[in-house]
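Hello,

Here is the structure I promised to pass on to you. Have a look at it first, and then read my notes below.

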Amino acid sequence: MTVRTALVTGANRGIGAAIARGLAERGVRVWRGVREPGDLPNTVRLDVREQSDVDSAVRRVLDREGRLDILVNNAGVTDNGQLPASADLGRAAAVWETNLLGTWRCAQAVIPPMRAAGYGRIVNVSSTLGSLTLMDRPTEPGYRISKASLNALTRLLAAELAGTGILVNAASPGWVRTAMSPRATRTPEQGADTPVWLATLPGDGPTGGFFLDRRPLAW
Ligand SMILES: NC(=O)c1ccc[n+]([C@@H]2O[C@H](COP(=O)([O-])OP(=O)(O)OC[C@H]3O[C@@H](n4cnc5c(N)ncnc54)[C@H](OP(=O)(O)O)[C@@H]3O)[C@@H](O)[C@H]2O)c1
């Protein structure tokens, strides 16, 4: 059986660390993209705002493993505390730089080797707060818009890559107890379940979808 290789962004804590553990438990060789790598094995410096970090992280995984089958775009920040009518747009733009452009940058870097291999799984960790259908509260506007945009990016990439063997999907982890949401009720492992499922889909699995608890979620 082929052993797949994955790169997980923001894998040092929270949901990203749980996704990395979940993939490793399923026999995937996992590289952790983190901003402060230290000397831990299978860890690469990866600030998703930095094109040079993204390029060198992808090159390092390819040099060491000869393949990069799975990208989990998990790194994310929020502008909790803002409201849209008064929001500091600089704060909102900083969220878009990480959550949307960081994800887009990482996807662009892995698509050429995935295309060459005829196989890829790209999972964008989105949020129920990015669902336009469910967007009935004004909180965290920069964050909500970043995740709605990330969902749009998921659809666009899936459409462009249809038939290439690369599946692109978005996942909401639910409300998960991490530094981002300290009062939440789910464990990081529960939040990681759907992203790990999407990262290990069979070839006839869905693409261009948005899922919570392995079920479609309203856009
Ligand atoms: N917790 C929830 O209820 C919830 C719900 C829906 C969606 N999500 C999504 O789940 C993902 C993980 O969030 P979490 O709850 O695990 O939050 P978290 O504990 O705050 O973790 C966020 C992770 O993102 C990393 N990160 C932030 N900016 C980065 C950058 N520029 N480059 C690389 N890494 C960066 C952080 O690294 P540092 O340690 O270096 O800061 C950290 O590893 C996010 O995309 C979030 O939007 C969370």
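The model is predicted, so local features need pLDDT of at least 70 and side-chain atom pairs pLDDT 80 or more, while totals for chains, interfaces and linings use all residues. Residues are numbered from 1 along each chain as its sequence is written, and side-chain values use heavy atoms, without hydrogens and water.

In total, 28 residues surround the ligand, where being near means having a heavy atom within 4 Å of it. Asn 12, Arg 13, Arg 35, Tyr 143 and Thr 178 are the closest. Helix H1 (14–25) and helix H4 (141–161) each contribute at least two residues to this shell; helices here are DSSP runs of H or I with at least four residues, and strands are runs of E with at least two, numbered from the N terminus.

Oxygen atoms of the ligand lie 2.6 Å from a side-chain N or O atom of Thr 178 and 2.7 Å from one of Arg 35. At Gly 10, a backbone N or O atom is 3.1 Å from a ligand oxygen.

Away from these, Pro 41 sits in the loop between strand S2 (29–34) and strand S3 (43–45). Pro 41 and Thr 5 are 36 residues apart in sequence and 14 Å apart in space, C-alpha to C-alpha.

Best wishes

Key
Polar contact = N/O pair within 3.5 Å; in protein donor to acceptor, adjacent residues only side chain to side chain.
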